[in-house]
Amino acid sequence: TLLDLDLARYLAEHGVGNVYADAANGTLSNGNIATMSPGAMYILALVGLIGGSLDNAGLSVLLRMVGVLADMATVAMIYFYARKHAGDKIAVTAAALYALIPAAFIMSGMSGGFESVLIALLVGAMIALTAKNYIAVYAISAFAAVLDLRALALAPIMLVYMGYMYY
């Protein structure tokens with residue numbers, strides 16, 4: 001959206017640190033700030049920094065590429081995890097099922113949101129959990145929670161799984 005593009009440029013120029021104060025005193029007028037997570041603001045700042053010299057169309061494509069790349073990473077994680085545990089045919093089927101979900105196309109390519117990044121982080125956390133790499137689970141889950149609080153919905157499942165594996 002146009003507001004997110006303006007916000008990406010603003011965050012790249014001024015940083016994330018004072019964004020709430022700037023919105024409160026009127027320097028920054030963007031209605032999305034109150035509901036935007038810190039992780040999303042950092043991603044927007046990075047996109048604005050990389051594509052600062054692009055016009056709105058170019059920056060919009062760059063913003064959408066974040067979700068597309070996250071979806072590609074999710075497909076790769078699903079494929080390699082399934083190949084390790086179930087074989088090539090099931091791995092290709094599982095990865096293709098995720099890749100061909102219409103909601104994945106909508107979230108990554110059309111909306112410009114960061115739900116695809118959240119899904120990639122949660123899939124990575126679950127893979128790390130099954131590999132018993134608990135430090136990675138904590139780090140990935142913490143980053144996912146900073147990106148979006150909906151990531152905490154998996155916390156009870158992860159805690160029960162860790163408790164089951166330890167005892």
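Two residues are in contact when they have heavy atoms within 4.5 Å of each other. Keep that in mind for the views below. This is a predicted model, where local features need pLDDT of at least 70, side-chain atom pairs count only at pLDDT 80 or more, and totals for chains, interfaces and linings use all residues. Residues are numbered from 1 along each chain as its sequence is written, and side-chain values use heavy atoms, with hydrogens and water left out.

View 1. Helices here are DSSP runs of H or I with at least four residues, strands are runs of E with at least two, and both are numbered from the N terminus. Of the 167 residues, 37% are buried; buried means under 20% relative accessible area, exposed means over 50%, and partly exposed is in between (1.4 Å probe, protein chains only). Take the contacts between residues at least 6 apart in sequence: 61% of them join residues at least 24 apart.

View 2. The protein averages 84, and 87% of the residues score at least 70. Confidence is lowest in helix 6 (residues 102-111), with a mean of 70, and highest in helix 5 (residues 88-99), at 94. Where pLDDT is low, the predicted coordinates should not be read in detail.

**View 3. The largest nonpolar core holds 25 residues.** A nonpolar core is a set of buried Ala, Val, Leu, Ile, Met, Phe, Trp, Tyr and Cys residues joined through side-chain atoms within 4.5 Å. Leu11, Leu44, Phe114, Val117 and Leu147 have the most contacts inside this core. Two or more residues come from each of helix 1 (2-14), helix 3 (38-50), helix 4 (56-86), helix 7 (115-130) and helix 8 (134-147). Helix 3 gives the most, with six residues. Zoom in on Val117: leaving aside neighbours within four places in sequence, Val117 is in contact with Ile43, Val66, Ala70 and Leu147. There's also a second, separate core of seven residues, including Ala125, Val137, Met158 and Met162.

**View 4. Helix 7 meets helix 9 (residues 155-166), with axes that come within 11 Å.** The two axes cross at roughly 10°. Axes are lines fitted to C-alpha atoms, for helices over the stretch in contact, and angles run from 0 to 180 degrees between N-to-C directions. So helix 7 is roughly parallel to helix 9, a label for angles under 35 degrees. Helix 7 brings Ala125, Met126, Leu129 and Thr130 to the contact, while helix 9 brings Met158, Tyr161 and Met162. By class, that's six nonpolar, one polar and no charged residues. (Ala, Val, Leu, Ile, Met, Phe, Trp, Tyr, Cys and Pro count as nonpolar, Asp, Glu, Lys and Arg as charged, and the others, Gly among them, as polar.)

**View 5. Ile127 sits in helix 7.** Not counting residues up to four places away in sequence, Ile127 touches Met77 and Tyr81. With a relative accessible area of 23%, Ile127 is partly exposed. Ile78 is 49 residues away along the chain, and its C-alpha atom is 8.9 Å from that of Ile127.

**View 6. Lys132 lies in the loop between helix 7 and helix 8.** Its phi is near 60°, a positive value in a residue other than glycine. Lys132 is partly exposed, at 48% relative accessibility.

Definitions and conventions: Angles under 35 degrees count as roughly parallel, over 145 as roughly antiparallel, 65 to 115 as roughly perpendicular and the rest as oblique. pLDDT is the predictor's confidence in each residue, from 0 to 100.
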